[in-house]
Amino acid sequence: MTARRVLFLCSRHRLRSPTAEQVFHAWPGLEVDSAGLAPDADTPLSADQVAWAELILVMENAHRRRLQSRFAGPLKGKRVVVLGIPDDYGFMQPELVDLLLRKAGPLLR
(Lines give C-alpha, C1' and ligand atoms only; values in the text may rest on other atoms or scores of the structure.)
Protein backbone atom coordinates (compact mmCIF):
# COMPACT_ATOMS: atom_id res chain seq x y z
CA MET A 1 0.00 0.00 0.00
CA THR A 2 1.38 3.42 -0.90
CA ALA A 3 1.42 6.17 1.67
CA ARG A 4 -0.97 9.08 1.33
CA ARG A 5 0.93 12.32 0.56
CA VAL A 6 -0.22 15.26 2.68
CA LEU A 7 1.05 18.83 2.43
CA PHE A 8 0.54 21.37 5.24
CA LEU A 9 0.70 25.08 4.41
CA CYS A 10 0.79 28.27 6.46
CA SER A 11 2.23 31.73 5.82
CA ARG A 12 5.91 31.71 6.71
CA HIS A 13 6.55 28.04 7.54
CA ARG A 14 7.76 28.86 11.03
CA LEU A 15 5.06 27.69 13.44
CA ARG A 16 1.86 26.03 12.25
CA SER A 17 2.80 23.92 9.23
CA PRO A 18 6.16 22.75 10.67
CA THR A 19 4.27 21.73 13.83
CA ALA A 20 1.74 19.83 11.71
CA GLU A 21 4.50 18.07 9.80
CA GLN A 22 6.16 17.03 13.06
CA VAL A 23 2.88 15.87 14.65
CA PHE A 24 1.80 13.73 11.69
CA HIS A 25 5.13 12.52 10.26
CA ALA A 26 5.02 9.25 12.20
CA TRP A 27 1.39 8.42 11.46
CA PRO A 28 1.14 5.12 9.58
CA GLY A 29 0.18 5.38 5.94
CA LEU A 30 1.17 9.04 5.63
CA GLU A 31 3.98 10.94 4.00
CA VAL A 32 3.91 14.58 5.07
CA ASP A 33 5.58 17.78 3.98
CA SER A 34 5.06 21.46 4.75
CA ALA A 35 5.84 24.90 3.36
CA GLY A 36 4.87 28.54 3.50
CA LEU A 37 3.02 30.75 1.05
CA ALA A 38 4.51 34.13 1.99
CA PRO A 39 7.38 35.55 -0.10
CA ASP A 40 9.60 35.49 3.01
CA ALA A 41 8.69 31.95 4.07
CA ASP A 42 11.50 29.90 5.62
CA THR A 43 10.58 27.12 3.16
CA PRO A 44 8.62 28.63 0.24
CA LEU A 45 6.05 26.40 -1.47
CA SER A 46 7.16 24.94 -4.80
CA ALA A 47 5.14 23.65 -7.74
CA ASP A 48 6.83 20.26 -7.18
CA GLN A 49 5.37 20.06 -3.67
CA VAL A 50 1.89 20.86 -5.00
CA ALA A 51 2.27 18.18 -7.69
CA TRP A 52 3.49 15.66 -5.09
CA ALA A 53 0.58 16.17 -2.67
CA GLU A 54 -2.66 14.23 -2.74
CA LEU A 55 -4.24 16.29 0.04
CA ILE A 56 -3.33 19.88 0.90
CA LEU A 57 -4.25 21.26 4.32
CA VAL A 58 -4.03 25.04 4.74
CA MET A 59 -4.44 26.90 8.02
CA GLU A 60 -6.60 29.84 6.84
CA ASN A 61 -8.88 30.86 3.95
CA ALA A 62 -6.27 33.41 2.86
CA HIS A 63 -3.84 30.53 2.31
CA ARG A 64 -6.30 28.75 0.03
CA ARG A 65 -6.76 31.93 -2.03
CA ARG A 66 -3.00 32.51 -2.30
CA LEU A 67 -2.45 28.86 -3.24
CA GLN A 68 -5.14 28.96 -5.93
CA SER A 69 -3.85 32.19 -7.45
CA ARG A 70 -0.21 31.02 -7.61
CA PHE A 71 -0.59 27.31 -8.44
CA ALA A 72 -3.84 27.00 -10.41
CA GLY A 73 -2.40 24.50 -12.91
CA PRO A 74 -0.73 22.05 -10.50
CA LEU A 75 -3.78 22.26 -8.19
CA LYS A 76 -6.19 20.75 -10.71
CA GLY A 77 -7.87 17.72 -9.15
CA LYS A 78 -6.28 18.28 -5.73
CA ARG A 79 -8.30 18.38 -2.52
CA VAL A 80 -7.58 21.52 -0.47
CA VAL A 81 -9.03 21.78 3.05
CA VAL A 82 -8.97 24.88 5.26
CA LEU A 83 -8.33 23.91 8.89
CA GLY A 84 -9.26 27.30 10.34
CA ILE A 85 -6.27 27.57 12.68
CA PRO A 86 -5.18 31.18 13.34
CA ASP A 87 -1.59 32.30 13.74
CA ASP A 88 -1.87 32.48 17.54
CA TYR A 89 0.46 29.67 18.62
CA GLY A 90 4.13 28.88 19.01
CA PHE A 91 5.94 25.94 17.43
CA MET A 92 4.77 22.68 19.05
CA GLN A 93 2.61 24.62 21.54
CA PRO A 94 0.30 22.03 23.18
CA GLU A 95 -2.85 23.97 22.20
CA LEU A 96 -1.71 24.01 18.56
CA VAL A 97 -0.93 20.29 18.64
CA ASP A 98 -4.40 19.62 20.11
CA LEU A 99 -6.10 21.74 17.42
CA LEU A 100 -4.18 19.96 14.66
CA LEU A 101 -5.12 16.55 16.03
CA ARG A 102 -8.79 17.53 16.31
CA LYS A 103 -9.08 19.28 12.94
CA ALA A 104 -6.65 17.39 10.69
CA GLY A 105 -6.62 14.02 12.47
CA PRO A 106 -10.06 12.88 11.23
CA LEU A 107 -9.12 13.78 7.63
CA LEU A 108 -5.95 11.68 7.87
CA ARG A 109 -7.26 8.49 9.44
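Phe24 is buried, with a relative accessible area of 0% (buried means under 20% with a 1.4 Å probe, protein chains only).

User: What kind of model is this, and how are residues numbered?
Analyst: It's a predicted model, where local features need pLDDT of at least 70, side-chain atom pairs count only at pLDDT 80 or more, and totals for chains, interfaces and linings use all residues. Numbering runs from 1 along each chain as its sequence is written, and side-chain values use heavy atoms, with hydrogens and water left out.

User: OK, how many aromatic pairs are there?
Analyst: Two. Rings of Phe, Tyr and Trp (its six-membered ring) pair if their centres lie within 6.5 Å; planes under 30 degrees apart are stacked, over 60 edge-to-face, the rest tilted. Phe8 and Phe24 have ring centres 5.6 Å apart and planes at 10 degrees, so they're stacked.

User: Which parts does that pair tie together?
Analyst: Phe8 is in strand S1 and Phe24 in helix H1 (residues 16–24), so the pair ties together parts 16 residues apart in sequence. Helices (H or I, at least four residues) and strands (E, at least two) are DSSP runs, numbered from the N terminus.

User: And which residues do ring pairs link into a cluster?
Analyst: Phe8, Phe24 and Trp27. Phe24 and Trp27 are edge-to-face, 4.8 Å centre to centre with 75 degrees between the planes.

User: Switching topic: what does the Ser34 side chain make a polar contact with?
Analyst: The side chain of His13, at 2.7 Å. A polar contact is a pair of N or O atoms within 3.5 Å; within protein, one must be able to donate a hydrogen and the other to accept it, and residues adjacent in sequence count only if both atoms are side-chain atoms.

Definitions and conventions
Buried < 20%, exposed > 50% of the residue type's maximum accessible area, 1.4 Å probe, protein only.
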